[in-house]
Amino acid sequence: MSLEFLADELEAIRAANRWRTQKPMQSMQGPRVTREGRRVVNFASNAYLGLQAHPDIQVAAQAAVRSWGTGAGASRLLAGTNELHQELERAIAHLKRTEDAVLFSSGYLANLGVLPALAGKGDLIVSDELNHASLIDGCRLSRASVRIFPHADTAAAARILEAERPRNRRAIILTDGLFGMDGDLAPLGELARLAKRHDAILYVDDAHGTGVLGETGAGTAEHLGVGDVDVHMGTLSKAFASEGGFIAGSQELCDFLRHRARSFVFSTAPAPAPVAAALAAINLAANRPELRARLQENQSRFRSGLRGLGWPVAEGVTPVIPIPIGPSDAAMRAMTKLEEQGVWVPAIRPPTVPEGTSRLRASVMATHEPRDLEAALSAFQTLTPPKEGLPSAPLSS
Ligand SMILES: *Cc1c(COP(=O)(O)O)cnc(C)c1O
């Protein structure tokens with residue numbers, strides 16, 4: 001077996017200007033980080049609540065290593081489950097106000113295992129075009145018939161369901177809650193009505209919204225006042241400063257997934273330290289509504305500051321702020337210019353977003369201080385905003 005083709009593939013990546021390098025940080029994740037030996041204000045992290053450095057969470061992780069060891073040692077259904085796993089599942093169910101929850105090793109693995117468990121040949125998945133890669137891959141693994149609707153276009157989703165629902169056994173309406181590249185919210189109310197009308201399952205991946213949106217931090221559905229989500233998916237790796245993914249829902253759904261989701265059944269249980277860290281973070285966030293209030297204040301202040309400088313940035317409630325640029329080389333230049341001024345706002349370009357819609361994406365944290373936002377805004381003052389917002393183009397994958 002020859003791997004010679006790899007040289008050509010790599011050359012093609014370089015030629016398309018899509019070569020990616022990893023620049024390691026020399027400090028903990030936080031509102032300010034050290035990167036390539038320089039202190040920069042960090043707008044590149046999904047650690048929205050800024051809990052990565054929180055002493056209570058670190059202590060919980062350390063204590064878990066002492067009590068439970070460093071690794072879980074087996075899959076959940078064999079010898080891998082300890083009391084911490086179950087306590088975390090109860091805490092997630094409490095947060096999402098569901099009967100139960102199932103823990104996975106990552107959000108990616110949750111979607112990869114759960115979609116094929118719920119749908120197969122003869123079933124229909126109706127999926128938003130901007131859904132996360134893990135949902136796209138879960139759809140592919142499921143072998144269900146997958147129909148994509150234009151982003152947030154509920155009329156298009158309705159047309160697909162009207163035409164195809166009768167021929168299919170089960171149907172799933174699949175969407176991100178808070179879209180991670182655009183920072184907007186799914187029209188969950190209308191999607192829930194569609195699900196009811198067409199006897200479909202509403203499956204919401206709220207990796208970005210969980211811990212961030214809603215009165216209690218339950219996420220996008222709580223923020224929008226939508227009570228009838230059937231499958232709540234989320235991650236512990238963003239606002240909750242740890243790692244692991246989950247599904248929350250009815251007792252029957254969770255019992256079923258513990259038997260049929262292959263990434264649950266055939267993977268070693270999550271290690272004690274991140275489980276304990278996530279549990280501590282969920283409990284801490286539940287008792288600290290001021291963290292979410294600070295995050296709201298920061299994101300709204302940053303959005304209006306950018307608008308004041310002439311950037312076509314929408315008003316919104318989310319800490320994910322796309323700043324439109326357009327061509328990918330222009331986005332790269334803008335990122336470099338900000339970086340030179342000590343402000344790190346990553347450029348997002350194809351294939352992550354459609355061609356011609358490259359952008360800077362600022363992720364605001366609850367722990368950014370006013371001086372961090374001011375530093376960023378004065379760096380943005382040295383760039384020239386585009387005349388219009390991002391053109392919308394369909395995502396190819
Ligand atoms: C980050 C993310 C995931 C993957 O979660 P991990 O826990 O990082 O694997 C899944 N879906 C969406 C929408 C995400 O943003």
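An oxygen atom of the ligand sits 2.8 Å from a polar backbone atom of Gly 107. This is a predicted model, in which local features need pLDDT of at least 70, side-chain atom pairs count only at pLDDT 80 or more, and totals for chains, interfaces and linings use all residues. Residues are numbered from 1 along each chain as its sequence is written, and side-chain values use heavy atoms, with hydrogens and water left out.

| Residue and atom | Ligand atom | Distance |
|---|---|---|
| Gly 107, polar backbone atom | oxygen | 2.8 Å |
| Tyr 108, backbone N or O atom | oxygen | 2.9 Å |
| His 132, polar side-chain atom | nitrogen | 3.3 Å |

Taken alone, the ligand exposes 380 Å², and the protein buries 85% of that; these accessible areas come from the Shrake-Rupley method with a 1.4 Å probe. The residues around the ligand (a heavy atom within 4 Å) include Ser 106, Asp 176, Asp 205 and Lys 238.

On a 1 Å grid over the protein atoms alone, a cavity is a set of points where a 1.4 Å probe fits but cannot get out. The count is three cavities of 30 Å³ or more. The largest cavity has a volume of about 50 Å³, a volume being the space filled by probe spheres set on the points.

Note on methods: 1 Å grid on protein atoms, 1.4 Å probe; cavity = no way out; pocket = protein on both sides within 12 Å on 5 of 7 lines; lining within 4 Å. Polar contact = N/O pair within 3.5 Å; in protein donor to acceptor, adjacent residues only side chain to side chain.
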